[in-house]
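Subject: Structure handover

Hello,

Here is the structure you asked about. Please open it next to this email; my notes follow below.

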Amino acid sequence: MMELELIGLTKVFGAKKAVDQVSLVIELKGVVGLLGPNGAGKTTLMRMITGYLNPSEGEIRLNNEKVDTRVTSYKSIIGYLPENNPLYTNLTVGEFLVMAAEIKGLKNAKTEVLKVASECGLDQVLGQKIETMSRGYKQRVGLAGAIMGSPKLLILDEPTSGLDPNQIVEIRKLIEKLAKKRGVILSTHILPEAKQVCSRLLIISQGKIVMDAETRDVKNLEKKFVDLTSK
């Protein structure tokens, strides 16, 4: 089983320490929930794992070997869907996914597009313009782009934000399905969602991990969350 290890990961912006000495070992299987209030450091931590940001201190190891998160060989194992889901809405679903495959340097783009479209329930809408789709289907397109190339770790920043209740249920089910083939780190502030989807819960507050527990072992999550993030 592949493992991603964060050792003393820290990010400083000016006088603010956004992430403060985070050390974790994450097995690349199942869904890990990253919970915290706005400004707690969730997005900054995920961006360092993806290589979008370089840490001010600390390092990342993959299977006990230090990695440079900027190199292609590392980036190829990461799939990332940011909260704002940056799509080219003037393209069709198929055009967007082909572009994503080409950006990732995949040799057989067409085969890969058909595979991820099938996984994300987009088979019947490959010819549809993204701008005409519901928000829920736009999230499916973003997820399809993120799993392009079969990454070992999928990082999702607030993937159900702004969705209606039915769309939330559909995207949760899709995430659970995708997690059967890869590890998932899911950032959310919706505690019931975390309890339902995640096997492990991390709470981050003021840049520090203040709780790390198996979901089944956590009682009264709502109270714990308030207690741990209001100090």
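A term first: a residue is buried under 20% relative accessible area, exposed over 50%, and partly exposed in between (1.4 Å probe, protein chains only). Helices (H or I, at least four residues) and strands (E, at least two) are DSSP runs, numbered from the N terminus. Contact means heavy atoms within 4.5 Å.

This is a predicted model, in which local features need pLDDT of at least 70 and side-chain atom pairs count only at pLDDT 80 or more, while totals for chains, interfaces and linings use all residues. Residues are numbered from 1 along each chain as its sequence is written, and side-chain values use heavy atoms, with hydrogens and water left out.

Overall picture

The protein has 8 helices and 10 strands. Its C-alpha atoms fill a box of roughly 50 × 40 × 35 Å along the principal axes. The radius of gyration, taken over C-alpha atoms, has a globule rule of 2.2 Å times the number of residues to the power 0.38. For 231 residues, a compact globule would come out near 17 Å, and the protein has 17 Å, which agrees. Of the 231 residues, 51% count as buried. Take the contacts between residues at least 6 apart in sequence: 68% of them join residues at least 24 apart.

The protein exposes about 11,400 Å², with carbon and sulfur atoms supplying 49% of it. That area comes from the Shrake-Rupley method with a 1.4 Å probe.

Helix α3

Helix α3 covers residues 93-103. Its buried residues are Val 93, Gly 94, Phe 96, Leu 97, Ala 100 and Ala 101. Seen down the axis of α3, they fall within an arc of 165 degrees, so they line one face of the helix. The arc is that of the directions from the helix axis to the C-beta atoms. On the other side of α3, Glu 102 and Ile 103 are exposed. What do the buried residues of α3 pack against? They pack against α4 and α5 (135-146). Gly 105 follows α3 and has a positive phi, near 70 degrees.

Helix α4

Helix α4 spans residues 109-119. Here Ala 109, Glu 112, Val 113, Val 116, Ala 117 and Glu 119 are buried. Down the axis of α4, these residues fall within an arc of 160 degrees, so they line one face of the helix. The buried residues of α4 pack against α3, α5 and α6 (165-178). Just after α4, Gly 121 takes a positive phi of about 70 degrees.

Glu 112 is buried, at 12% relative accessibility. Not counting residues up to four places away in sequence, Glu 112 touches Leu 106, Ile 147, Met 148, Gly 149 and Ser 150. Ala 117 is buried too, at 1% relative accessibility. Leaving aside neighbours within four places in sequence, Ala 117 is in contact with Leu 122, Asp 123 and Leu 126.

Gln 21 is a residue other than glycine with a positive phi, near 55 degrees. Gln 21 lies in strand β2 (residues 16-27) and is partly exposed, at 44% relative accessibility. Glu 158 also has a positive phi, near 50 degrees. Glu 158 sits in the loop between β7 (153-157) and α6. Is Glu 158 buried or exposed? At 7% relative accessibility, Glu 158 counts as buried.

Best regards
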